[in-house]
Amino acid sequence: RQMSVGPILGDIDTPTLFVASDADPMVTAPTVIGALARRSSHVDVRWLHAGGHVAFPASTRVEDQILGWLRG
């Protein structure tokens, strides 16, 4: 709890991209959904259906999503 970003997601005022996978075995979707519901409007959330904590397979095209977000 002391190291979690969850409690401050509502305070973020810098555009932020949060990428996660509903298949992540280490940080499961149910453990973050509550905190994400309280995020600020500056936090854009993208859910992928494969990969997870340390890597995303090429099929997710996560790089394209990140670059698209950076381009605005």
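Trainee: What should I know about the numbering and the model before we start?
Mentor: Residues are numbered from 1 along each chain as its sequence is written, and side-chain values use heavy atoms, with hydrogens and water left out. The model is predicted, so local features need pLDDT of at least 70 and side-chain atom pairs count only at pLDDT 80 or more, while totals for chains, interfaces and linings use all residues.

Trainee: How many helices and strands does the protein chain have?
Mentor: There are two helices and two strands. Helices (H or I, at least four residues) and strands (E, at least two) are DSSP runs, numbered from the N terminus.

Trainee: In what order do the elements run from the N terminus on?
Mentor: The order is β-α-β-α. β1, α1 and β2 make a right-handed β-α-β unit. Right-handed means that, with the strands pointing away from the viewer, the path from the first strand over the helix to the second runs clockwise.

Trainee: How many bridges join β1 to β2?
Mentor: Six bridges join them, and the two strands run parallel. Two strands pair if DSSP finds at least two bridges between them. As one example, Thr-16 has Val-43 in β2 as its bridge partner.

Trainee: What box do the C-alpha atoms fill?
Mentor: Taken along the principal axes, the box is roughly 30 × 30 × 20 Å.

Trainee: And what percentage of the 72 residues counts as buried?
Mentor: The figure is 25%. Buried means under 20% relative accessible area, exposed means over 50%, and partly exposed lies in between (1.4 Å probe, protein chains only).

Trainee: What share of the contacts with a separation of 6 or more comes from residues 24 or more positions apart?
Mentor: Such residues account for 75% of those contacts in the protein chain. Contact means heavy atoms within 4.5 Å.

Trainee: Changing topic, what is the volume of the largest pocket?
Mentor: The volume is about 230 Å³. On a 1 Å grid over the protein atoms alone, a pocket is an open set of points where a 1.4 Å probe fits, with protein on both sides within 12 Å along at least five of seven lines; lining residues have an atom within 4 Å of a point. Grid points are joined across faces, edges and corners, and a volume is the space filled by probe spheres set on the points.

Trainee: Which residues lie nearest the centre of the largest pocket?
Mentor: Val-5, Gly-6, Leu-9, Val-32 and Ala-35 do, out of 14 lining residues. The elements that give two or more residues to this lining are β1 (16–21) and α1 (29–37). The largest share, four residues, comes from α1.

Trainee: What is the lining of the largest pocket by class?
Mentor: It has nine nonpolar, four polar and one charged residues. Ala, Val, Leu, Ile, Met, Phe, Trp, Tyr, Cys and Pro count as nonpolar, Asp, Glu, Lys and Arg as charged, and the others, Gly among them, as polar.

Trainee: Now the loops. Is Ser-40 buried or exposed?
Mentor: Ser-40 counts as buried because its relative accessible area is 10%. Its place is in the loop between α1 and β2 (43–48). Not counting residues up to four places away in sequence, Ser-40 touches Leu-9, Gly-10 and Ile-12.

Trainee: And is Ser-41 buried or exposed?
Mentor: Ser-41 is in the loop between α1 and β2, and it counts as exposed because its relative accessibility is 74%. From C-alpha to C-alpha, Ser-41 and Thr-31 are 20 Å apart in space, and they are ten residues apart in sequence.

Trainee: Which residues is Thr-60 in contact with?
Mentor: Leaving aside neighbours within four places in sequence, Thr-60 is in contact with Leu-48, Ala-50 and Gln-65. Thr-60 lies in the loop between β2 and α2 (62–71) and counts as buried because its relative accessibility is 12%.

Trainee: Where is Arg-61 found?
Mentor: Arg-61 is found in the loop between β2 and α2. Arg-61 is exposed, with a relative accessible area of 52%, and it has a positive phi of about 55° although it is not a glycine.

Trainee: Lastly, where does Met-26 lie?
Mentor: Met-26 lies in the loop between β1 and α1 and is exposed, with a relative accessible area of 59%. Met-26 and Val-54 are 28 residues apart in sequence and 9.3 Å apart in space, C-alpha to C-alpha.
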